[in-house]
Amino acid sequence: MADRTSSTGSIGSEPGDGSGAGSAGEPHLSRQLANRHIQLIAIGGAIGTGLFMGSGKTISLAGPSVIFVYMIIGFMLFFVMRAMGELLLSNLHYKSFSDFTADLLGPWAGFFTGWTYWFCWIVTGIADIIAISGYVQYWWPDLQLWIPALVAIAALLLLNLPTVRAFGETEFWFALIKIIAIVSLIVVGLVMVFAHFTSPNGSEAGFDNLWNDGGMFPTGAMGFVAGFQIAVFAFVGIELVGTTAAEAKDPEKNLPKAINSIPIRILLFYVVSLIVIISVTPWREVVPGESPFTAMFTLAGLGIAAGVIQFVVLTSAASSANSGIYSTSRMVYGLAQEGDAPARLGRLSSRKVPANALMFSCAFLLSAIALLFSGDSVIEAFTTVTTISSVLFMFVWTMILASYIVYRKRRPELHEASKFKMPGGVVMCWVVLAFFVFLIWALTQEADTLEALLVTPVWFVVLGIAWAVIRRRAPHRARYAAFKAELEERRT
């Protein structure tokens, strides 16, 4: 959850005199996240709404091969995180990828990356609000969808306005709930498998459900490809693990630790949980529009447990939206500090919270209400929004890899001195970029994802027009020159 740096100092740095002023008298966001907050946020960040809400549709499209879908995506994104880790540690003045993209690729890259990342989390937050509305229907099926959506947006605003520590405390407990729930689900599911549990419709739990109905790839090659469409959304925000650790007091220790633990988290939270779910609930019985986590307990006749899991997946969506609002408000604050956003959004409250930027971001979440009424179902609206989010996040990940390729060419001495070198180096960058091209192609294979894919370029057209105006402004050029000078000073 890195914050963009300004020319006057690094956002997220320790407050100098208790007043929140920097060396130049500029206010700073104060770092109040303790190590326990950072660690739980990092772990919780590996458990996305896409896993809870979207995995049902993914399983129905790909069958048991969904397990390989999540493994492949996780494997590829691990290298993106390693590239980001090496770049962040190459200059500790970098506080986010928008900083090193601006430094290595040019000011246009920082502008496009910063605003796209803001939009990424706005779109993701909209998806989370849609998911929350769908989850609430479990208890109140007749409740109008706009009511829980509006309540959720108001709650997110109230959770983030007090202090950064309030956000950290909320995320700590949200993450803890998710972790306990998934571990409990795995344990209960394994007990059901080994006890040969038989569901009311006669289906018996067993690992053979993974291959006894058409094999591991029952829907064929194109079904496997279709699985990537929703699955990739489960990983959006994975870069928050690295950027949160980079803001810790000891980034050289915490950043590698956080990134290297990603494969273990993916194996536990994604692969193992999906193996257990499909073993208990045959893949053909998974309903696309429902969370398979809740359905597994419902199928077992454990109604109370199903209600508890439904509450857990609701808190997961709220957690993701909470992280998104936190990230977007800080990103907009940083953009305003650099002259890339209205100056009013760069002001802090008395509690050192960017309240204006926070309310600005929350206002955009209201579009979730309109989307809920535009489709025939919650999952349809969710699919549209998650596709847009996935494409935008792929752009950010691509900018990270492009920055790494340039970094290796221009600053080989920093790579040689690095204690956290990216395995595979430039070659793996091109492999992952080729994988992203495959993902874009996969999104063209279904009508709903293709429609969302075709809308996404509008965002970059808007950014291009904005950049054409902003780049000519003298204050913007001056801030970027100061930013580069400060980076050079740190390097020397």
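Are Phe-224 and Phe-228 buried or exposed? Both are buried, a term that stands for under 20% relative accessible area, with exposed meaning over 50% and partly exposed in between (1.4 Å probe, protein chains only). The model is predicted, so local features need pLDDT of at least 70 and side-chain atom pairs count only at pLDDT 80 or more, while totals for chains, interfaces and linings use all residues. Residues are numbered from 1 along each chain as its sequence is written, and side-chain values use heavy atoms, with hydrogens and water left out.

**View A. The ring pair of Phe-224 and Phe-228.** The structure holds 31 aromatic pairs. In one of them, the ring centres of Phe-224 and Phe-228 are 5.3 Å apart and the planes meet at 80°, so the pair is edge-to-face. Rings of Phe, Tyr and Trp (its six-membered ring) pair if their centres lie within 6.5 Å; planes under 30 degrees apart are stacked, over 60 edge-to-face, and the rest tilted. About one helical turn separates Phe-224 from Phe-228, because they are four residues apart in helix H8 (residues 220-231). Helices (H or I, at least four residues) and strands (E, at least two) are DSSP runs, numbered from the N terminus.

**View B. A cluster of linked rings.** Phe-224 and Phe-228 also belong to a cluster linked by ring pairs. Its members include Phe-68, Tyr-117, Trp-121, Phe-217, Phe-393 and Trp-441.

**View C. Arg-82 and the ring of Phe-420.** The charged end of Arg-82 sits over this ring, 4.0 Å from the ring centre. A charge sits over a ring if NZ of Lys or CZ of Arg is within 6 Å of the ring centre and within 35 degrees of the ring normal.

**View D. The salt bridge of Arg-411 and Asp-103.** The whole structure has two salt bridges, each a side-chain nitrogen of Lys or Arg within 4 Å of a carboxyl oxygen of Asp or Glu. Here the closest N and O atoms are 2.9 Å apart. Arg-411 lies in the loop between helix H16 (378-410) and helix H17 (412-417), and Asp-103 in helix H4 (residues 97-105), so the bridge ties together parts 308 residues apart in sequence. Arg-411 is buried at 11% relative accessibility, and Asp-103 is buried at 2%.

**View E. The salt bridge of Arg-284 and Asp-213.** The N to O distance is 2.7 Å. Arg-284 is exposed, at 53% relative accessible area, whereas Asp-213 is partly exposed, at 26%.
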